[in-house]
Amino acid sequence: MTTSQVGLSPVVAAEQRRIPGFTSLLSVDLEKLGVAASPVAVLDDFRVDGLPFSPHPHAGFAAVTYVFEDSPGDVRSRASSGVDLRVGPGGIVWTDAGSGVIHEEVPATPGRELHGLQIFVNLSARNKLSPPRVHHLQGADVPQWVGDDGTRVRVVVGSYAGVASPLSPTEPFTLLDIHLRGEIPFDLPAAHHAIAYVLNGTVTARTGDRVVPVGGTHAVALTGGAGRVTLAAAEPAHLLVMAGAEVRDPVVTAGPFIMNDHAQIQAAAARHRAGEMGRLAPIADTDR
C-alpha cells in the first residue's frame with residue numbers, strides 16, 4: 001500500500017452511561033470523532049448481567065455483538081427470522097437487519113456477567129432494504145495472526161496480514177481484536193474510515209510526522225486516503241480496530257432505524273406495526 005498521511009481525529013474518552021441492567025456501559029461519541037454513521041453508528045463497551053431490553057426492531061444497519069475473551073458469560077442472541085444462538089467468549093453475532101428484524105440479546109446464563117462490544121454498522125443505500133441475515137462465529141473459529149514480538153491479532157471480521165475471517169457480512173468490514181506487544185502496521189484503504197478503541201494500556205498511532213497517544217477507554221478515528229498507520233505500545237496493550245467504507249449517503253436516525261430519509265423511517269415503522277418484521281416472544285424464566 002502506498003504510504004501517505006492518514007488523518008487522525010482528536011482522542012475521545014468513552015463516557016459512562018447509566019442504564020438499568022448494565023453493570024457498566026462505556027459509549028464513544030462518534031460525532032466527536034467526526035465519523036458518525038460512516039459506517040459505525042454506535043460503539044459501546046458494555047458489561048451486563050440483567051435483561052436491559054425486551055425484543056425490539058432494527059432496520060437499515062447491522063447490529064453487532066462481539067463477546068470479549070475475558071467475558072465470564074455467553075450471549076444468547078435471538079431474531080424473528082428463527083435464529084436462536086448461544087455464543088461464548090471470543091465469538092461474534094452479526095445481525096444484518098436490512099429491511100427489518102425483531103432482535104434480542106441477553107446474558108445466556110442469568111446472573112453471569114456478559115462483557116462485550118456492541119457496534120451498529122450503517123448500511124449503504126443499496127442495502128437498506130436487503131433481506132435480514134444473521135452471521136456468527138464461536139471464539140474457536142476466529143482466526144488469528146501472531147507476530148514475532150508476541151502481538152496477537154484476532155481477525156474477527158475482514159482480513160489482516162494474509163489471515164481472513166470466514167464471517168462475510170452484507171458489506172465488507174474489518175474488526176480486529178489486538179493484544180499489542182510492540183508495533184504493527186494498519187493499512188487504511190482509500191475512502192474508508194477506521195476507529196481504534198483502546199481497552200487498556202496506551203497505544204500510539206503514528207502516521208507521517210504525527211504521533212498521537214491513546215489511553216485506555218479512549219478512541220481515535222483514522223480517515224483520509226489510502227495510507228498506513230503504525231500502532232505501537234511500549235507496554236502490553238489491548239485495543240480494537242474497526243474499519244469500513246465511508247458512507248456518503250444521507251443519514252436519518254429514529255430510535256431503532258437508520259435510514260436515508262424520513263419516508264424510509266416511516267415505512268420501516270409501518271412494517272414493524274404491521275408485523276412484517278416478524279414476532280419474537282419474550283424469554284420466559286423457565287427458558288433461561
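Modeller: The count comes to six aromatic pairs, where rings of Phe, Tyr and Trp (its six-membered ring) pair if their centres lie within 6.5 Å. This is a predicted model, in which local features need pLDDT of at least 70 and side-chain atom pairs count only at pLDDT 80 or more, while totals for chains, interfaces and linings use all residues. Residues are numbered from 1 along each chain as its sequence is written, and side-chain values use heavy atoms, leaving out hydrogens and water.

Biologist: What kind of aromatic pair do W145 and Y160 form?

Modeller: A pair of aromatic rings is described by the distance of the centres and the angle of the planes. W145 and Y160 are edge-to-face, at 5.5 Å centre to centre and 75° between the planes; planes under 30 degrees apart count as stacked, over 60 as edge-to-face and the rest as tilted. W145 lies in strand β14 and Y160 in strand β16, 15 residues apart; strands are DSSP runs (E, at least two residues), numbered from the N terminus.

Biologist: Which residues form one aromatic cluster?

Modeller: F22, F46 and F53 form that cluster.

Biologist: In what sense do β21 and β22 pair?

Modeller: Strands of a sheet pair through backbone hydrogen bonds, either parallel or antiparallel. Strands β21 (residues 203-207) and β22 (residues 210-214) pair in the antiparallel sense over five bridges; two strands pair if DSSP finds at least two bridges between them. R206 stands opposite V211 in β22. The two strands form a hairpin with two residues between them, and G208 in the turn has a positive phi of about 60°.

Definitions and conventions:
Helices (H or I, at least four residues) and strands (E, at least two) are DSSP runs, numbered from the N terminus.
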